[in-house]
Every structure is written in structure tokens, then in C-alpha cells.
Amino acid sequence: MNDSRALSPAIEISGLSKRYGTVEALKGVSFAIQRGEFFGLLGPNGAGKSTLINIVAGLVRQDQGRVAVLGYDTVKDWRRARRAIGVVPQELVFDPFFTVEQVLEIQAGYYGCGREVRPWIEQLIERLDLGGKRRASMRALSGGQKRRVMLAQALVHRPPVVILDEPTAGVDVELRRSLWRFMRELHDEGTTVVLTTHYLDEAQDLCSRIAIIDRGAVRVIESTEQLLARHPFRFLRLKLADGAQLPDALRPLVTGHKNGALELKLERDRHPIGAVFAALKSAGVDIEDVHTREPDLEDIFVELTAARVPAVQQG
Amino acid sequence: MDMQATPPIELRRFSDRIGFVTLTRKEVRRFMAVLGQTVTAPVITALLYLLVFAQAMAGRASAYPGVSYTEFLVPGLVMMAVIQNAFANSASSLIQSKVMGNLVFLMMAPLGPLEWFGAYVAAALLRAALVAAAMLAVVTPFVHLPVRAPLALFAMFLLAGGSLAVLGIIAGIVSQKFDHIAAFTNFFIMPLSFLSGVFYSVHSLPPLWFHASRFNPFFYMIDGFRYGFFGQSDVSILASLLWSAGFLVAVSAVCLWMLASGYKLRR
Ligand SMILES: Nc1ncnc2c1ncn2[C@@H]1O[C@H](COP(=O)(O)OP(=O)(O)OP(=O)(O)O)[C@@H](O)[C@H]1O
Ligand SMILES: [Mg+2]
């Protein structure tokens, strides 16, 4: 009956601002997340990621702007909007009065779900490996177990859109891998997944599109591929023979030292690798070892969010 | 990027009712889980008051003909327990959830102001009723308590317990930590409930205090409740019912506005 709504994005954010006292947590943010995306929301500490998520979840009121989930306005049509999303908050919080099973049943009840979601809750308990803890009190769980219960709580009502605010923070390697698998499965089942994380390799592996926000504004929003191809540079690691010095012309390109090797950042068109070798040869510098590395998300992230220090780049 | 065809979100009939029932049951389970603190302890406290005052004032005539001082005392003490426990239930539940941080699970859910309001009030009323019933069950073998106006008695219980449950929600919303709730209790609820004619008839007070009492909403709650037992009271039962109903409406309006606007909760 509602064709426009059937095509509306999973989450549409327009002109969103939020101020805490003198801190501008969000400065007029606008972007959309399409249905079926696995979307990464990245940014340094204090960038405004959680503020954004909390506004989408209805936990925080925006000063300006609007958010729609599947076309439902989170303020005007809040009941439908909240039913459409499940949010895993960043902080580890729990209700110590109840057991794992009780917590999940209560959460389902809040969303108007009754007995019909029992099999789904059962599935969540199994898939998140909480079977042995179903009758344990929440206060008797480890941090990682509590985190998994929070994930299950966000999913009890089978929301088509799921937002996870740093689900893998402080989680061991094995659990992190199982969370990745779980998020991928959810996504494969048709859920729109929005993930924030400080592990950039995680975002690079999982997310098909990424927004980087910093100091309350979106710096870039692109597919992961575009983002990785965006910066036409690569890294060259050189180990020079004992006592050899890098020619002065190449010095400005050095970005780091590691295990006695130098790392040079080369712009593809301005510093072809051949030219670097030619410069080394004409200066008579002997090379012990070389290694090249393509930029990863972390390099691009640092590039986009670091306070600009002009000197280094002027090679 | 593939477009997923997600069916529209239907607001199922009665789903709000399920949400309301779930929240009410959760709130009831919460105080039931610590019954010793939430019901047994207040009953014992109130019974101690009764013992001490009944002994100390033994032989003193009460304000009403045919009603002994001990008999006079019981309804006031029961109502005082209703007042304090209805308040404590919503206030401490909310502040606990706030301090633990788990209130977000409720705040994210599609439950509206009326469902929150109704569930917290219902749970607080149940706790207050349990405390009142336990007190009455313990004292009836020893104290003669007629119930001359059962409807008025029940109405006064609902109005008073309801108002205090609502005040408890307001205190929970406004407070950021346990200390704030304690301040509310110690500087507002306790003094007003002690100065409301539990231990005396306001007619025995000096004129200034007599007039001051008439602006204390708790005075009408206690006086009207006493009327339910004895069919006699300091002011007319109609005045008590109207004052208490007016108070309930006023605090409910404030509370519902807070819940609907997200005051202090969704900042
Ligand atoms: N309740 C609040 N009161 C005051 N300031 C706040 C509040 N919540 C967030 N802020 C401020 O808003 C800014 C954005 O915070 P936010 O939590 O959204 O960052 P974030 O991107 O999630 O960071 P992190 O990666 O550390 O979780 C910060 O400067 C923070 O101090
Ligand atoms: Mg955050």
C-alpha cells in the first residue's frame, strides 16, 4: 500500500545536530544507509558515533534534524521506528534481578511479542552459545557472556535493522570471531547491519560501505573498495645496508621506522617506485631488503581524521 | 547493493497491552525478589510504632467517641506505610535501573508514556496493598477495627497509593543517584506523612498547625482512610476524596508530561 515506504532507506539521517553544553556532538549530519547494507560507522573517540546511534534508537533527542527508520520518523512515528530496529548499546549494562532467559522474555514482551517468539529466542540462545547459562542470573555472567545477552536482547523482536555499538570491544579473539560469523549470518538473512568499531581490519572485512565521522561531522562516506582506492599511495619498506644513509631527496617521504627498516609513503603518480630506486642507486646506497604494502583502512582513517600536519607531505 | 523487501511494520492490536503487562510483571517480580526489604521490613517497622505508641498513650482518649487510641492509630499507620511504600517502589526501581544503566532496554522499546505510567503505578499499588494487608492481618486479632465505609476505604487506598506511586516515578526521573531519592524521602515524604495526623486528631492542634495541616495532601489521605474504618473523621470524607483525587490528577499530569517529553530521560 505504501510504495514510497517500501523503497525508503533502512536509516535516513538528515541535518542531525546535537549539542551537550558547549560540546557540539553532531554538527548537521546527513546520510542514508540502504536496506541490506553492512555499514560501518567509524571515527575516533568522541566523534559522535554513539550520540548518533542513541538518537536513532530514541534514547537521546536531537536538537535539530530528523531520522527515519524504514521510512518511519523516530519522533513522530516512534512506535514503528523502534519496532524496526534493534540496538546493542556500547556500555555493558544488565538487570541483575533476572536470569538470561527471563531477560530475553521480558525484552520480547516490551516489543509486544508473546509466546510465538519462543523458538526464535531459543535459536538466539543456541547461536550465541548461551545454552549453558540460560538459567544463570545476569550478575553471574562474564563480560563476554553479558555482551552476548545484550546482542540477543537487541534481536528478540526480529528487527530488520540492527545497530551494534562496538560489540567487539574488550572481547577475546575466539568470541570476536564468533561474533563476526553471527553478524555475517544476520546480514545474509537479510538484516541491515550497522557496526561501529575501533578495529579497522574488522570494518574492512565486514562492511560494504563505511562512513568516517570526526568531531561531529561526516568526513567521508564511500564503499569500502572506493575508500581503499581513494588514496593513491603505497608504502615501501627499505632496509639499507649497514652505515648507508638515505639520500636527502627521499627523506621527506619517510613515515616510520620499524626493526631497522624505513617506511616510505609513496604517491603512485608522483613517486614511482622505479624513481625511488634510481635515486638510491645514483646516491650509491646499498639495499638489504625491500617490501611494499598497499594502504589499509587504518592508513586512510589516520589520514582523514588526524589533525593536519602539513610539513610531512611536502616531498 | 540489493534492495531488501521488508514488510511494513504493523502495530499489532494488543501489542501495547503485552508490553504493559510485561513491564508490570517485571516490576512486581523485582520487589518480590527482595520481599524481605520491600514488604516484611516495612510491616515490622509499622508494628513497632504501633506497639510503642499504644503503650505510651495507653488510656488516653481518642478524638472519636467509642474509638480507643490504639484503634485510632492503626488506620493512620497503615496509610503511612502505603504512602511510603508506594513511593519507594517506583522511585527505587527507576533509580536502580538508571544507576545500573539497564533503563536503556526499556527506553529503546516501543512502550509509551501511558504504559510506563500504568505499569509502575500498578506494581507500586500491589506492593502497598501487600504491606497494608499484612499489617491488618497481624493487628486484627488484637485491635477491633470495624469497616464502616469499605468503598471509601478502597477509594482512599487507590488515590493515596496511586499518587505516591506517581510521585515516586517523578522522583526517579528527576534523580540521578540514590542520594537524591533519599533526600526526597527524608525531606518530603517522611515529614509530611508524620505531620499528617497519624498520631493525633488535627483538632487537638494549635490553630496555626491545624490550618497548616489542611494544606498537607497526606492529611486527607489519612483522614479519609480512617473514615473508611470508623465512619468518623476530622474533615468530611467528600473533602478527603476530592483533595486526594485532585492531588492524583495533578501529579499524574506532571508525570505523564515528563514521560511523554522525555524530560531528563531522553536528553
Ligand atoms: N550525556 C552526555 N553529556 C555530555 N556530553 C556528552 C554526553 N554524551 C556524549 N557527550 C559528548 O559528545 C561527544 C560525542 O560523544 P559520543 O559518545 O557520541 O562519541 P563516540 O564517537 O561514540 O566515541 P567512542 O568511540 O569513545 O565511543 C563527546 O565529546 C562526548 O564527551
Ligand atoms: Mg561510542
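The model is predicted, so to speak of local features a pLDDT of at least 70 is needed, side-chain atom pairs count only at pLDDT 80 or more, and totals for chains, interfaces and linings use all residues. Residues are numbered from 1 along each chain as its sequence is written, chains are lettered from A and ligands numbered from 1 in the order in which they are written, and side-chain values use heavy atoms, with hydrogens and water left out.

Side chains reach ligand 1 too. A polar side-chain atom of A:K49 is 2.7 Å from an oxygen atom of the ligand, and for an N or O atom in the side chain of A:Q90 the distance to a ligand oxygen is 2.9 Å. On its own, ligand 1 exposes 640 Å², and the protein buries 63% of that (Shrake-Rupley areas with a 1.4 Å probe; for residues, only the protein chains shown count as cover). Two elements of chain A, β2 (23–33) and α2 (49–57), each give two or more residues to the shell; helices here are DSSP runs of H or I with at least four residues, strands are runs of E with at least two, and both are numbered from the N terminus. The largest share, three residues, is down to α2(A).

There are 14 residues around ligand 1, and A:N45, A:G46, A:K49, A:S50 and A:T51 come nearest (a residue is near if one of its heavy atoms lies within 4 Å). Sorted by class, the shell holds five nonpolar, seven polar and two charged residues.

Elsewhere in chain A, four strands make an open antiparallel sheet, ordered β12-β13-β11-β14 (strands pair if DSSP finds at least two bridges between them). β12 (254–258) and β14 (287–293) stand at the edges with a single partner strand each, so one side of each has no neighbour in the sheet. Four bridges tie β12(A) to the antiparallel β13 (residues 261–267) of chain A, with A:V254 opposite A:L264.

Chain B is another story: ten helices and zero strands. Its C-alpha atoms fill a box of roughly 85 × 35 × 35 Å, taken along the principal axes.

Technical notes:
A polar contact is a pair of N or O atoms within 3.5 Å; within protein, one must be able to donate a hydrogen and the other to accept it, and residues adjacent in sequence count only if both atoms are side-chain atoms. Ala, Val, Leu, Ile, Met, Phe, Trp, Tyr, Cys and Pro count as nonpolar, Asp, Glu, Lys and Arg as charged, and the others, Gly among them, as polar.
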